[in-house]
4 protein chains.
Amino acid sequence: MSETPRISHAAFDALVAAELPFAVAMGFRLEGLGVGTARCRALCRADSIRPGGTIAGPILMGLADFALYAAVLSRIGAVPLAVTTSLTTNFLRRPRPADVLAEARLLKLGRRLAYGEVMLLSEGEGDPVAHVTGTYSIPPEGGR
Amino acid sequence: MSETPRISHAAFDALVAAELPFAVAMGFRLEGLGVGTARCRALCRADSIRPGGTIAGPILMGLADFALYAAVLSRIGAVPLAVTTSLTTNFLRRPRPADVLAEARLLKLGRRLAYGEVMLLSEGEGDPVAHVTGTYSIPPEGGR
Amino acid sequence: MSETPRISHAAFDALVAAELPFAVAMGFRLEGLGVGTARCRALCRADSIRPGGTIAGPILMGLADFALYAAVLSRIGAVPLAVTTSLTTNFLRRPRPADVLAEARLLKLGRRLAYGEVMLLSEGEGDPVAHVTGTYSIPPEGGR
Amino acid sequence: MSETPRISHAAFDALVAAELPFAVAMGFRLEGLGVGTARCRALCRADSIRPGGTIAGPILMGLADFALYAAVLSRIGAVPLAVTTSLTTNFLRRPRPADVLAEARLLKLGRRLAYGEVMLLSEGEGDPVAHVTGTYSIPPEGGR
């Protein structure tokens, strides 16, 4: 495993701005990249809060997908054709009306598939609000 | 099994308007309700399209959750505390830049859990773009 | 889609006898093959029954995997390198102490991944005991 | 969270002997219990090996279910009615013909549902062969 991520924070941000306007619109941000790991945030905004003060499910699922994507690119570089093939979300606790933090890590990077998990937390809380696992298809010319 | 849905189309729309502003913001609409089934639509709008002309993943996952929720309420009535406990999305084909249709059906309604599946299609296409399964927790006083 | 399965019932049985002794030991049998579909059975035996008269979970999960594998081979032929990459089982009802029937169908066959679902029933009962979805990795030289 | 498991190793073994003959037949053993964690082993035996020298999938799935069950009981005590409602297995690497080790931990214990994950490894190898997540239904009189 290489010692530094194969995509820089700035290059990931540029890719998101160009390719994932929906992530921008939902308030998703990369906060930190490791090698096979990523830490992301969804800004808590008026339009992502449900009555009762909780964060809407699609925000949680979208953020997890975004964070896993960053973790995949940290290993394979800026390969735009890596696509999500499955995402499983287990909702564990009601999120508070606060930013949501995502901690993603890859558990496998094969030639054709990557698999990882994401823990989602409300900022300032210890227990996870959701646990997500996901699989990505890696294009054959994946640069590895 | 009762012969008519336990929530009307109008009552579901009212519940969505009151409780799920995010679904309204994402352009989700109920189109038809059966007993344990629901047909829904996500309007294709500029902000839900990714570069390349495909629909963003959170739209697909959110629509599936919305449709399964309608299918659950069609059996238990307007019980606002039914919550999603897990959602598994398998992305099968790239959606076209068109409305997305969801066909949800319950496979089990127990005293505490409901489980069902959703097929998502691009309008005008035959093959599914995603297949989703989900579990909902039913509150003890679930009216059944 | 071709009109006949790309593997015969006899060829599938021979492949199972050679490659899947565990399936034989668990009492799994192919009963019918379509194009992208398969119908299988797990024989109810003393050692597959749990106290209380229900069928052990690994039998249900193993049978579903077996049936989806048959459905995959019905489309791609006797490709021994197709391997399960994920299997999600939702246990819906307590199985009776009877044979378990599996109805598998593919929902997608891509160049690299196949995805399908399986309904499991106790023989003689109408409601499913489990619903299973699974993904298979198809080797590059998959004969299609 | 209590400081010691709510079921002893000996009591778990006795419960398995009485209630889970299939687990005994498959060679599953509890090796260690924490509070919300369990470490288990599947003995590698001739009949659990597939041609090519790998461990059959139902062994992996069954072991994961067994280990998560132990982790659940470590929190709620010997409640025999806790049942698996879903199990998702992601197969990551081909297991070697060796014992399989399972490390299970709960991520949530609610009043009605428990959710956790299991990492499966071939003994003597560092990388996981499978990653499993599962949900258990807790009976209302769950002793908590």
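Of the 144 residues in chain A, 49% are buried, where buried stands for 20 or more other C-beta atoms, placed from the backbone, within 10 Å of a residue's own. Before we go on, please keep in mind that this is a predicted model, in which local features need pLDDT of at least 70 and side-chain atom pairs count only at pLDDT 80 or more, while totals for chains, interfaces and linings use all residues. Residues are numbered from 1 along each chain as its sequence is written, and chains are lettered from A and ligands numbered from 1 in the order in which they are written.

Let's walk along chain A. Its secondary structure consists of three helices and eight strands, counted as DSSP runs (H or I, at least four residues, for helices; E, at least two, for strands) and numbered from the N terminus. Their order along the sequence is α-α-β-β-β-β-α-β-β-β-β. The radius of gyration of chain A is 15 Å, close to the 15 Å of the globule rule for 144 residues, so chain A is as compact as a globular protein of that length; the radius is taken over C-alpha atoms, and the rule is 2.2 Å times the number of residues to the power 0.38. Along the principal axes, the C-alpha atoms of chain A fill a box of roughly 45 × 25 × 25 Å.

Now for chains B and C. Their contact takes nine residues from chain C and nine residues from chain B, with residues in contact if their C-beta atoms, placed from the backbone, lie within 7 Å. On the chain C side, β5 (83-91), β6 (100-109) and β8 (128-137) each supply at least two residues. The largest share, three residues, comes from β8(C).

Notes: Contact = placed C-beta atoms within 7 Å. Buried ≥ 20, exposed ≤ 12 C-beta atoms within 10 Å, placed from the backbone.
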